[in-house]
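This report describes selected local features of one protein structure. Please examine the sequence and the structure shown below before reading on.

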Amino acid sequence: MMKTPEVQVAQVLKSVARNEHIKSYIQQSNELYPLLLKAAKRFVTGENKQEGIEIANELISKGYFISLEYIGENITDLKKCIKAKDEFLNLIEEMGSMSIKQTVSLDLSHIGLSVNPETAYIHLLQIAKKANMYGITLMISMEESSKTNDILDIYKKASEQYPNVGITIQAHLYRSNNDIQELIRYPGKIRVVKGAYQESAEVAMSRSKELNNCYLKLVEQLIEANHPVSIATHDETLIQEIVHRQYLNHPNVEIEMLYGIRPDLLSNLKSKEYNCKVYLTYGKEWYLYLCHRIAEYPENLYRAVTDMINPSLPESSRSY
Ligand code: FDA
């Protein structure tokens, strides 16, 4: 079957994002780095936690919930994993001192999974303990399917000790329907996403009506079990169905969207008094994050070019 130009762009971007040579070339380029950072700023709050916290506070004051992530993944150097773990501890300390009882999100491969699962688990427990002390929820992101078993195992062990730890599940994986039967027995919040990673047809389905039906089925099971759930999508058709089924009327259900994506839609849902959350990120590793956002919606490439050239870009936070 012929691939559309959008699918081709998405696939190229996903492989460019993973190319370490291109990444380090950009990071070292005095011309490209600031230019691309301007484009990333639509989706990323900034390079340091102060910028993340500032925008978090702005959104909280407008009535949103927030989730904040220090971006990074696939770190194979133990020292860098320890540094990342310490950054998460500092972030939580700072949020705690400001009484920001919200959510912190992380990738386990940022804090040790790519070194070994035990390291990620030990680091996760340290972060979860501190988050628990301050009434902060800690959401684990889901990564490539090759890591799903390890991530779920670590989540289950941590969740038994810290109920403030939650997990993300990808509706595009065929296995997720089975996984959820088990995950429902653990106390942590479950965030349902479609899935951002390129996977083989054996393990995952592509964007389709079938995928939306699987997504709805996962959410339905969580709602029926009265389990805390974050419905994380920007898909308007899917959201209309979710609203129609009155899933968002449950007090422990929220709708969560990535910063900079469909703020109009989220703001409309908030005006109807649903629990609305914005997923914010900060950090120097914004390059992969930017590539993901463009790959999943190639039209963002036009926005990125405009953002790079137009110095008067309105900040995303003002659109909420
Ligand atoms: P879909 O991709 O079908 O897009 C539906 C519509 O939404 C598009 O037609 C467009 O209108 C809009 N849209 C979607 N993406 C857009 C973009 N980048 N820019 C502009 N408009 C866009 N994935 C993962 O594998 N592991 C994880 O842990 C997480 N975590 C996570 C947390 C949160 C809070 C969210 C919202 C998403 C994730 N994701 C994720 C990403 C997720 O898997 C998925 O790739 C994106 O949410 C896009 O999928 P949608 O559900 O929005 O639908």
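**Helix α6**

The structure is a predicted model. Within this model, helix α6 covers residues 117-133, a run of 17 residues. From its first C-alpha to its last, helix α6 reaches 24 Å, which is close to the 24 Å expected at 1.5 Å a residue.

At the start of α6 there is a contact between a side chain and the backbone: a side-chain oxygen of N116 lies within 3.1 Å of the backbone nitrogen of E118. After the helix comes G135, whose phi is positive, near 70 degrees.

Which residues of α6 are buried? They are T119, A120, Y121, H123, L124, L125, I127, A128 and A131.

T119 counts as buried because its relative accessible area is 14%, and buried means under 20%. Leaving aside residues up to four places away in sequence, T119 touches L78, I111 and G112.

**A nonpolar patch on the surface**

The next feature is found on the surface. Y25, L32 and L35 form a nonpolar patch there, and together they have about 280 Å² of accessible area. One of these residues, L35, belongs to helix α3, which spans residues 32-40. L35 has a relative accessible area of 35%, so it is classed as partly exposed.

Where in the chain is Q246 placed? Q246 lies in the loop between α10 (236-244) and β7 (253-258). Its phi is positive, near 65 degrees, although Q246 is a residue other than glycine. E273 is likewise not a glycine, and it has a positive phi of about 70 degrees. The loop that holds E273 runs between α11 (263-271) and β8 (276-282).

Is E273 buried or exposed? E273 is exposed, because its relative accessible area is 72% and the exposed class begins over 50%. Q246, with a relative accessible area of 48%, is partly exposed.

**Summary of accessibility**

The table collects the residues discussed above for which a relative accessible area was given.

| Residue | Relative accessible area | Class |
|---|---|---|
| T119 | 14% | buried |
| L35 | 35% | partly exposed |
| Q246 | 48% | partly exposed |
| E273 | 72% | exposed |

Conventions:
Residues are numbered from 1 along each chain as its sequence is written. This is a predicted model: local features need pLDDT of at least 70, side-chain atom pairs count only at pLDDT 80 or more; totals for chains, interfaces and linings use all residues. Side-chain values use heavy atoms; hydrogens and water are left out. Patches are made of residues with over 30% relative accessible area and no salt bridge: like charges are joined within 9 Å, nonpolar side chains (Val, Leu, Ile, Met, Phe, Trp, Tyr) within 5 Å. Accessible areas come from the Shrake-Rupley method with a 1.4 Å probe; for residues, only the protein chains shown count as cover. A salt bridge is a side-chain nitrogen of Lys or Arg within 4 Å of a carboxyl oxygen of Asp or Glu. Helices (H or I, at least four residues) and strands (E, at least two) are DSSP runs, numbered from the N terminus. Buried means under 20% relative accessible area, exposed over 50%, partly exposed in between (1.4 Å probe, protein chains only). The expected span of a helix is 1.5 Å times one less than its number of residues. A polar contact is a pair of N or O atoms within 3.5 Å; within protein, one must be able to donate a hydrogen and the other to accept it, and residues adjacent in sequence count only if both atoms are side-chain atoms. Contact means heavy atoms within 4.5 Å.
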